[in-house]
Amino acid sequence: MFSIRKFSARLLTFALLVLLAAGGVAGTGEPAQALALGPASTLHSIPAAGVNGVTSLCSSSAFACAGGGYNGTSAQETSGSGDPTGWASGQYWVHGRLVGTVRHNCTTYAQFRLMMLGVKFPEWTSNPNQWDTKFPSTSVSQTPTVGSIAQWNGGDTGHVAYVEKVTSSYIIVTADNYNSGTTKLKIPLSSASRPDNYIRFVPTIQGVATASGYNYADGAGAVHKGIHVDGWAFDLSNATLPVQVRISVDGTWVSGAANSTTVAASSTNTAAGDKFKSTLGVGNSHGFDIHLERLLPGTHKVDVWIVPLSGGTTKHLAQMTVTISSVTTH
């Protein structure tokens with residue numbers, strides 16, 4: 001197993017992050033720095049308020065400084081039935097410090113924040129000071145990015161925190177701490193308490209889709225038969241840009257002048273923005289609302305696919321069975 005001392009450990013694997021070597025960091029307005037790849041062997045001290053220029057923006061014996069609704073309960077530490085990310089409370093949460101009915105430490109919090117981003121369970125555990133050696137060097141650098149995990153080799157067993165903001169002179173991180181509580185710290189990039197490494201993960205498509213059949217008469221008496229598909233989606237490697245949505249019905253791409261096979265997920269949808277804006281600067285313009293007409297009544301299988309901006313194959317987002325009947329449903 002692994003030791004569980006000041007910052008008990010556990011790591012998460014999430015598919016290895018594609019490097020954001022060029023362009024800015026999402027949501028920060030700051031340019032990305034040149035990447036220095038591979039784990040550093042430095043032993044920077046674990047950050048504390050008032051030490052080495054570190055400023056406390058929040059300190060709480062409970063969970064007031066944490067992001068994403070983190071609260072130390074076992075229920076939040078599982079991805080749920082059928083979720084392919086594969087997290088379960090027994091993998092990390094049980095190793096946190098028990099305080100009343102909750103458990104917490106730095107790795108439990110890091111797991112929670114990454115699980116929210118669709119990062120998969122890595123199938124192994126380790127103290128924080130070993131996290132950088134568990135990943136290929138291309139996923140570890142000394143350049144911070146929003147959404148990455150800051151990692152320290154110093155101290156007894158090391159430390160990890162979640163990077164909330166990056167500027168040209170400092171970073172802001174949130175963390176849970178085994179011996180105290182949650183913190184939000186501003187750390188100068190020149191500080192002796194700056195992270196030794198930043199671990200980055202493969203961006204994934206995020207999204208939801210729903211579909212329903214309809215058959216109705218409009219004000220002019222024309223009858224409309226078809227399928228209504230809506231939802232939201234985005235690519236975490238380009239969180240502010242719209243992705244392309246493709247629809248197939250009964251295994252065939254929908255075609256026709258009025259029904260393009262590819263539609264941008266760019267309309268306003270607050271569900272996407274509200275869930276992710278605090279972590280990766282995602283806006284609300286990732287929605288899609290597609291009407292597919294000229295379909296016969298009956299039962300149809302509708303598949304929704306996303307074309308990722310980060311490259312690779314088209315990702316299957318959802319499959320739904322809908323029925324077009326003689327009943328007005330739209």
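A polar contact is a pair of N or O atoms within 3.5 Å; within protein, one atom must be able to donate a hydrogen and the other to accept it, and residues adjacent in sequence count only if both atoms are side-chain atoms. Keep that rule in mind for Gln76, whose side chain reaches the backbone nitrogen of Asn71 at 2.7 Å.

A word on the model comes next. It is predicted: local features need pLDDT of at least 70, side-chain atom pairs count only at pLDDT 80 or more, and totals for chains, interfaces and linings use all residues. Residues are numbered from 1 along each chain as its sequence is written, and side-chain values use heavy atoms, with hydrogens and water left out.

Start with the whole chain. It has two helices and 17 strands. Both kinds of element are DSSP runs, numbered from the N terminus: helices are H or I with at least four residues, strands are E with at least two. Of the 330 residues, 48% count as buried. Buried means under 20% relative accessible area, exposed means over 50%, and partly exposed lies in between (1.4 Å probe, protein chains only). The chain exposes about 13900 Å², and carbon and sulfur atoms supply 53% of that area. Accessible areas come from the Shrake-Rupley method with a 1.4 Å probe; for residues, only the protein chains shown count as cover. Now take contacts, meaning heavy atoms within 4.5 Å. Among those between residues at least 6 apart in sequence, 68% join residues at least 24 apart.

Where does Gln76 sit? Gln76 is found in the loop between β1 and β2 (97–99). At 10% relative accessibility, Gln76 counts as buried. Leave aside its neighbours within four places in sequence, and Gln76 is in contact with Gly69, Tyr70, Asn71, Phe112 and Met115. Phe112 and Met115 are among the buried residues of helix α1. That helix spans residues 106–116 and is mostly covered, with ten of its eleven residues buried. Cys106 is one of them, with a relative accessible area of 1%.

Other cysteines form a link. A disulfide is a covalent bond between the sulfur atoms of two cysteines. Here the test is a pair of cysteine sulfur atoms within 2.5 Å. By this rule the count comes to one disulfide. Cys58 is joined to Cys65, S to S 2.0 Å. The angle about the S-S bond is -80°, and the link is left-handed. Cys65 counts as buried, at 5% relative accessibility.

Turn to the strands. Strands of a sheet pair through backbone hydrogen bonds, either parallel or antiparallel. Two strands count as paired if DSSP finds at least two bridges between them. Strand β1 (residues 55–60) pairs with strand β8 (residues 182–188) in the antiparallel sense over five bridges. In this pairing, Ser59 stands opposite Thr183 in β8. Strand β7 (residues 170–176) also runs antiparallel to β8, and seven bridges join them. Ile172 has Lys186 in β8 as its bridge partner.

β10 and strand β11 (residues 223–235) pair over 13 bridges. Tyr214 stands opposite Gly226 in β11.
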